[in-house]
Amino acid sequence: MGTPDFAVASLRALVEGGYRVVGVVTMPDKPMGRHGNTLQSGPVKQYAQQQGIPVLQPEKLKDETFLAELRSLKADLQVVVAFRMLPEAVWKMPPLGTFNLHASLLPQYRGAAPIHWALINGEKETGVTAFFLAHEIDTGHIIRRRRLPIADTDDAGSLHDKLMILGAALVVETVDLLLAGNGRIDTLPQEMLTAAGVELRPAPKILKDTCRIHWQQPAKAVCNFIRGLSPSPAAWTEWIAEGTAPQPMKIFRSELLPEAHTLSPGTVRTDGSTYLDVAATDGFVRLCSVQLAGKRRLDVKEFLNGVRHTALAVR
């Protein structure tokens, strides 16, 4: 059960590993185009159809017709990767249970955007977790976890791809464990990990307002925020230039410049051709790749070559 590219890697690993995948459950096709009259299939559906695997696309997961179709597949085990919350009628259906792959080291970063928030918060390590589903989202007993260091050069895109590969391997490992034990396996309750009093960090859904940069904070925090949202949905600010209205500007890559200054956060420092620095509270953030609304993404030298007005600040 899943929809995006992150889930395709796990499905492919099972198919290429010779496991009998009797069906796929994925989101309904999305309306696309100006009038919404063109439907686009998700990556999981596209791969499943290429492999001749039956596809179910329920609007509602409690719908009796869907439940009957799912039951008719007679699956021994259900695997969930990057999908929505399941009702108990679904996750209790197979005799060997239902497990989920989550892109964090649970119980940390429960929620919809664990990859983004781990980077935003400056974590040095993350990982993937396979766990049995429970009533509360991302709280079920842990089956296995695999750790992954976060490189200083990682952004959300590169970390996504690393965790996708690591997660696919963990899915296959977990399936083997459950098949060998006929569904019975030692697990770790998440409560045992939280009992030590560790402060849990959530990973809520990323919204447009979430992505706005606040320059009144340390420069390193701003850089982590930018890489945590790059390449999508991308951190943004407003570009304020002399004689023009403020324009939304996405920032995809930046560098940290630890340097004392007395400028107000958001003040721009540039030579007009090679560098573009923005003041934070304790240093500067050098912008390296940006995109004004309605324009294409540019490295900062290209961007500055096309700027006709002197920048005053960002906000």
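Let's start at helix α1, which covers residues 5–16: its 12 residues reach 16 Å from the first C-alpha to the last, close to the 16 Å expected at 1.5 Å a residue (the expected span is 1.5 Å times one less than the number of residues). Helices (H or I, at least four residues) and strands (E, at least two) are DSSP runs, numbered from the N terminus. This is a predicted model, in which local features need pLDDT of at least 70 and side-chain atom pairs count only at pLDDT 80 or more, while totals for chains, interfaces and linings use all residues. Residues are numbered from 1 along each chain as its sequence is written, and side-chain values use heavy atoms, with hydrogens and water left out.

Which residues of α1 are buried? They are Phe-6, Ala-7, Val-8, Ala-9, Ser-10, Leu-11 and Leu-14, where buried means under 20% relative accessible area, exposed over 50%, and partly exposed in between (1.4 Å probe, protein chains only). An α-helix has 3.6 residues a turn, so residues three or four places apart point the same way. The cover over the buried residues of α1 includes β1 (24–25), α2 (43–50), β5 (78–81), β6 (98–102), α5 (114–120) and α6 (156–180). Just past the helix, Gly-18 has a positive phi of about 85°.

Now follow two of those covering strands. β5 and β6 run parallel, paired over 4 bridges; two strands pair if DSSP finds at least two bridges between them. Across this pairing, Val-81 stands opposite Leu-101 in β6. In β5, Gln-78 and Val-80 point one way and Val-79 and Val-81 the other, yet all are buried.

Strand β6 also holds His-102, which is buried at a relative accessible area of 5%. Its side chain reaches the backbone oxygen of Tyr-109 at 2.8 Å. Beyond its neighbours within four places in sequence, His-102 has contacts (heavy atoms within 4.5 Å) that include Arg-110, Pro-114, Val-128, Phe-131 and Asp-138.

Next, look at the loop between β1 and β2 (30–32), where Thr-26 lies. Is Thr-26 buried or exposed? It counts as buried, at 1% relative accessibility. Leaving aside neighbours within four places in sequence, Thr-26 is in contact with residues including Gly-2, Thr-3, Val-44, Leu-56 and Phe-83.

Finally, step back to the whole protein chain. There are 9 helices and 15 strands, and the C-alpha trace spans about 65 × 55 × 30 Å along its principal axes. Of the 315 residues, 44% are buried.

Definitions and conventions
Polar contact = N/O pair within 3.5 Å; in protein donor to acceptor, adjacent residues only side chain to side chain.
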